[in-house]
Structure formats: structure tokens, C-alpha cells
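Please look over the sequence and the 3D structure below before reading on. The notes after them are grouped by topic.

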Amino acid sequence: MAVKERDRGQVTIEFLGMTPTIIVTLVVLWQLVLVGYAFTLAGNAADEAVRAGTAAEYDGEGKCEQAGLDKLSGAWKEGTTARCGGFGTGYITSDVSIKVPVLFPGTISFPFTVKGHAGAVEEGTN
């Protein structure tokens, strides 16, 4: 009976000791998910931008840059840049840079950006 009395509350103490470790692990995993999602968004935005630029009959560069930002939500659009080039050369490229947020989109961001790049052959008119 003395052993039972000594172990009383042990699970509570162990749980309290592990709680910070569990929380830190979940926060790190969430941040890694945000970084991966930023890479996905940047690549998709670059693809959309170059697709719009190749199909544009006029103002291809403007339509390309606009399309690179159109599909992003408000929080992800902040600080995002879309640049398009190569018009008239036959091969259009698009570069999209997205800032990686710290824990929640729309709050502070890390001092680095994630970049997406895409290219496509310019469509000709017959």
C-alpha cells in the first residue's frame, strides 16, 4: 500500500512535463505545413500567370501579372509579387514570390520569400 501512495499524481506530473514538448512539436509541424503550402501556391500562381500571358491577345504582361495574383486569398496576396517577361521572344516566363507567414497568414512574415517559376511557349496568331 505504501507504493501506491507514493505513485499518486505521477501521471499528472509527467503530463505537465510533456505538454510544452508536445506544443512546440505541433507548432513546428504547422510552420512546416505553411512553408510547403507557400511553395505550392507560388508554383501554381506562376503557372496561372504564364498561361494567361501566352493566351493574351494584347497587354500580355499586365494580364500575366494579374493572373499570378488572382487566385491567391487576401492574406497570402500581401507582399506577393508576380513578374512576367519574354514577350516577343517566343518563350514567356513568370516568377512569383510569396512571403512565408509565421504561424498565421496575414500576420508577420519571415524575412525570406518562396519563389515559383514557370515558362511556356507563346501562342501564335494565324
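The points below cover a strand pair, a helix and a nonpolar core. The model is a predicted one.

**Strands β1 and β2**
- Strand β1 covers residues 81-85 and strand β2 covers residues 91-101.
- These two strands pair in the antiparallel sense, with 5 bridges between β1 and β2.
- Across the pair, T81 stands opposite S97 in β2.
- The hairpin of β1 and β2 has 5 residues between the strands, and in this hairpin G86 takes a positive phi near 90 degrees.

**Helix α3**
- Helix α3 spans residues 60-70, and its residues G60, C64, A67 and G68 are buried.
- The buried residues of α3 fall within an arc of 105 degrees when seen down the helix axis, so they line one face of the helix.
- The cover over these buried residues includes α2 (10-55), β1 and β2.

**The largest nonpolar core**
- The largest nonpolar core has 17 residues.
- Those that touch the most other members are A38, L41, W76, V96, I98, V100 and V114.
- At least two residues of this core come from each of α2, β2 and β3 (109-121).
- Helix α2 gives the largest share of the core, 8 residues.

**Contacts of V114**
- Which residues is V114 in contact with, leaving aside its neighbours within four places in sequence?
- They are A38, F39, A42, V96, S97, I98 and V100.
- V114 is also among the core residues that touch the most other members.

Conventions: Residues are numbered from 1 along each chain as its sequence is written. This is a predicted model: local features need pLDDT of at least 70, side-chain atom pairs count only at pLDDT 80 or more; totals for chains, interfaces and linings use all residues. Side-chain values use heavy atoms; hydrogens and water are left out. Two strands pair if DSSP finds at least two bridges between them. Helices (H or I, at least four residues) and strands (E, at least two) are DSSP runs, numbered from the N terminus. Buried means under 20% relative accessible area, exposed over 50%, partly exposed in between (1.4 Å probe, protein chains only). The arc is that of the directions from the helix axis to the C-beta atoms. Contact means heavy atoms within 4.5 Å. A nonpolar core is a set of buried Ala, Val, Leu, Ile, Met, Phe, Trp, Tyr and Cys residues joined through side-chain atoms within 4.5 Å.
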